[in-house]
Amino acid sequence: MTENESRIVIAGAGSIGCYVGGCLAAADKNVVFLVRPRVDEALREGGLRIVDLDGTERLVSPEKLQLAVDPAAAFGSAEIILVTVKSGATEEMAKVIAAHAPSSAIVVSLQNGVDNAKVLRRTLSKGFTVAAGMVPFNVVQSEPGEVPLTVRRTTEGTILIDDKPGDLADELSVPGLQVANDEDMQSVLWGKLLMNLNNALNALSNLPLATELSDRNWRRLLADQMNEGIKVLKAHGIAPAKIQGLPPALLPWILRLPDFLFGILARKMLSVGPHARSSMWEDLSRGRPTEIDYLQGVILRLAQEKNIDVPLTRRIIARIKEAEGKPLRSHTVDEIRNAPV
């Protein structure tokens, strides 16, 4: 790394944090990982292996990784902070950043959900620059205890961030990690939220993403759920950005197509790696709380404000809540559709 490289801190060394930080570290950027003791131990033992979508592997050795368990050590001279914690931990992380990081730092939310940048701005002092971001691709992490810790990218896409920071996108773009500016990130985040409604279905199905999306019954369930979300957003005057180049209103129609037509029109959606599963599946499989309140939960809250009934959304929230903290099991489409609310 060169002396004038910005000090980048990864605030949340989960799957996305390790992939993004790993790509930056492999490119000799000055990157520091704020880690929990378990992850600290794993990375110090075997380093970090990054597997790109095309199967390319890079190993960042323990000696090349800058790791910090102490937030003061991580944030003390931070210039760019990439927040990759779960949405439920955003406010807590913002308080830690406020206590230890210089207010000149640029803080970028690379999280699911639509309100994380707002939470960061509300919690941090006015000196901080906060940028919303969107990660379009899926990353799967190796099982706990595997050495080296491996993060595998399974879908394609370019990270988008607010246009305000200027040259930040160029600074963060490295091999395996392309970053671009977008002037309407809030619309982008609403579009990503609609796509992320499948996170819960993938978790409940207990199927690889490619297998789930190849099944018309699961796609119909996703289409019906999206229609509820689109109806609610329209009632609030919210216009989500295009999803994979398609108007959101068109996607439910495409999802309902017979398998062979869907395979032709949605080839990009099906071009996922065999290991791809949603982050919510990973949370359930490892006994962690999910982000359901920040995905389907947002649709439900907006629906209640307009007195719009969203029965499928309520059913899916209830099924995920029931599944949290229990051994992972496979649900059927009918089980979800016909569940009591």
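Helix α11 (residues 259-265) contributes the most to a nonpolar surface patch, giving 4 residues. Helices here are DSSP runs of H or I with at least four residues, strands are runs of E with at least two, and both are numbered from the N terminus. The patch is made by Leu250, Trp253, Phe260, Leu261, Ile264 and Leu265, and covers about 620 Å². Patch members have over 30% relative accessible area and no salt bridge; like charges are joined within 9 Å, and nonpolar side chains (Val, Leu, Ile, Met, Phe, Trp, Tyr) within 5 Å. A salt bridge is a side-chain nitrogen of Lys or Arg within 4 Å of a carboxyl oxygen of Asp or Glu. Areas come from the Shrake-Rupley method with a 1.4 Å probe, and for residues only the protein chains shown count as cover.

This is a predicted model: local features need pLDDT of at least 70, side-chain atom pairs count only at pLDDT 80 or more, and totals for chains, interfaces and linings use all residues. Residues are numbered from 1 along each chain as its sequence is written, and side-chain values use heavy atoms, with hydrogens and water left out.

Leucine 265 sits in helix α11. Leucine 265 is exposed, at a relative accessible area of 53%. Exposed means over 50%, buried under 20%, and partly exposed in between (1.4 Å probe, protein chains only).

Now step back to the whole chain. The protein chain has 16 helices and 12 strands. Its radius of gyration is 20 Å, close to the 20 Å that the globule rule gives for 341 residues, so the chain is as compact as a globular protein of that length. The radius is taken over C-alpha atoms, and the rule is 2.2 Å times the number of residues to the power 0.38. Of the 341 residues, 53% count as buried.

Next, the interior. Isoleucine 97 lies in helix α4 (residues 90-100). Isoleucine 97 is buried, with a relative accessible area of 0%. Beyond its neighbours within four places in sequence, isoleucine 97 contacts Phe75, Ile81, Val83, Val107, Leu124 and Phe128. Contact means heavy atoms within 4.5 Å.

Helix α14 (residues 296-305) is largely enclosed by the rest of the structure, because 7 of its 10 residues are buried. These are Gln296, Gly297, Val298, Ile299, Leu300, Leu302 and Ala303. Their cover includes α7 (185-205), α9 (216-235) and α15 (311-323). Just after α14, asparagine 307 adopts a positive phi of about 55 degrees.
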